[in-house]
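Thanks for coming. I have one structure to go through today, and I will take it piece by piece. Please have a look at it first.

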Amino acid sequence: MNDSRMATVRLGESGPEVGVQGLGCMGMSFAYGPADAESSRAALERALELGVTLFDTADLYGAGENETFLSPFFRAHRDEVVIATKFALSTDPDDPTKRIIRNDPPYIRRCVEASLRRLGVDVIDLYYMHRRDVHVPIEDSVGTMAELVREGKVKHLGLSEVTADELRDARAVHPIAAVQSEWSLFSRDIEAHVVPAARELGVALVPYSPLGRGFLTGAFSNAEADLTDQDFRRTLPRFTGENAAANAALLEPVRTVAKAHDASPGQIALAWAQQRAAVHGLTVVPIPGTTKRARVEENTAATRIVLTEDELALLEPIASRVSGDRYPNMSMTSAGRE
Ligand SMILES: NC(=O)c1ccc[n+]([C@@H]2O[C@H](COP(=O)([O-])OP(=O)(O)OC[C@H]3O[C@@H](n4cnc5c(N)ncnc54)[C@H](OP(=O)(O)O)[C@@H]3O)[C@@H](O)[C@H]2O)c1
């Protein structure tokens with residue numbers, strides 16, 4: 001395995017400089033069933049060695065557990081890592097499958113203090129609004145986030161799953177370094193409005209679930225049959241029943257391109273996500289999630305794969321053929337509101 005460090009890019013006009021691929025840390029404590037802590041720690045260290053600097057977490061992940069788990073790693077490497085965390089989402093105590101969204105200023109203030117405490121650091125490098133609560137004016141929420149910057153609790157601001165209009169309104173209040181939204185060979189809805197707005201405003205895009213939550217690697221093909229009872233992917237329409245079978249068949253061109261590069265299908269999915277930067281003319285930093293050192297090596301190696309025009313054309317129709325939404329409740333996404 002080549003140990004050369006990856007290139008870096010700046011998030012937004014004045015945001016932090018980060019390796020062109022980040023690491024999603026959610027699965028280390030949340031959503032995809034139990035994870036091995038030793039394995040996750042090895043994945044974190046290896047990622048940093050290979051030039052990953054943007055590490056993504058949220059207060060939602062394990063109700064704070066993920067931030068607590070990451071704290072020793074972040075503190076040991078404070079000057080080398082860019083810590084991204086999020087507020088706005090929590091789990092409904094009466095129904096763990098449901099999410100509560102809050103964007104009101106007192107809530108944001110409580111959240112930032114709790115995240116700083118769990119992370120064990122003085123400042124959060126990139127603080128995202130995880131979901132938009134449409135009942136709170138975005139000017140109020142981003143206004144509070146801007147105050148946190150002025151108070152030195154947060155360095156840069158980000159938004160997740162906002163619409164193009166919401167991004168414009170937020171940008172009018174304070175510079176936004178990045179929008180983090182789902183973007184992959186299977187999920188391209190943000191290309192209609194959000195991506196052009198981000199390009200126009202000089203905001204970077206951080207694609208989450210760039211491996212289609214693992215489906216694009218071929219690691220599972222039906223969530224109900226292949227994944228554990230606690231796995232969140234069992235609730236996602238596109239990974240169950242007839243949809244899953246139809247969607248698994250869509251991976252054939254990904255496998256064809258992978259063969260040509262002597263690569264894995266997951267690496268092709270990541271190379272495709274990375275290449276959105278050139279295709280759409282904006283900064284793109286995908287954050288694949290893994291709890292395994294070997295997969296960090298595999299995923300970061302994808303930053304060196306460049307797909308040809310013919311290969312991009314072969315992959316182009318996939319997203320429009322995917323059966324089933326990416327969430328059961330699409331109103332929590334930008335596509336569900338624009
Ligand atoms: N803003 C939001 O609303 C939002 C939503 C979802 C996620 N996120 C963030 O985005 C990050 C990434 O998204 P994600 O974790 O949902 O999905 P993803 O990166 O598309 O896929 C992660 C899944 O793929 C598996 N995987 C990773 N590399 C692999 C490889 N090379 N071969 C085979 N399987 C592989 C992982 O399992 P192993 O751990 O076993 O490798 C995990 O199950 C998250 O960690 C989180 O930080 C944000």
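Predicted model: local features only at pLDDT ≥ 70, side-chain atom pairs only at ≥ 80, totals over all residues.

Strand E8 covers residues 124-129, and six of its six residues are buried, so the strand is largely enclosed by the rest of the structure. E8 has a partner in strand E5, residues 82-87, and the two pair in the parallel sense over four bridges. One of the residue pairs to look for is Lys86 with Tyr128, the latter being the bridge partner in E8. E8 is also joined to strand E9, residues 154-160, by five bridges, and those two run parallel. There, the bridge partner of Met129 is Leu159 in E9.

Now the sheet these strands belong to. It is an open sheet of seven strands in the order E3-E4-E5-E8-E9-E10-E11, with parallel pairing. Its edge strands are E3, at 23-24, and E11, at 204-208, and each of them pairs on one side only. At the E11 end, five bridges join E11 to strand E10, residues 178-182, and the two run parallel. If you want a landmark there, Ala178 stands opposite Ala204 in E11. Helix H3, residues 105-119, lies across E5, E8 and E9, and runs at about 140° to E5.

Next, a contrast in burial. Is strand E7 largely in the open or largely enclosed? Of the seven residues of E7, residues 95-101, the number buried is zero, so the strand lies largely in the open. E7 is joined to strand E6, residues 89-92, by four bridges, and this pair runs antiparallel. A hairpin through two residues connects E6 to E7. Across that pairing, Thr91 stands opposite Arg99 in E7.

Last, a pair of helices. The axes of H9, residues 252-260, and H10, residues 265-280, come within 8 Å and cross at roughly 95°. The two helices are therefore roughly perpendicular to each other. On the H9 side, the contact involves Val254, Arg255, Val257 and Ala258. These meet Pro265, Gln267, Ile268 and Ala269 in H10. By type, the residues of this contact divide into six nonpolar, one polar and one charged.

That is what I have. I am happy to go back to any part of it.

How values were computed. Residues numbered from 1 in each chain as written. Axes fitted to C-alpha atoms, helices over the stretch in contact; angles between N-to-C directions. Parallel < 35°, antiparallel > 145°, perpendicular 65-115°, else oblique. Contact = placed C-beta atoms within 7 Å. Nonpolar A, V, L, I, M, F, W, Y, C, P; charged D, E, K, R; others polar. Buried ≥ 20, exposed ≤ 12 C-beta atoms within 10 Å, placed from the backbone. Pairing = 2+ DSSP bridges.
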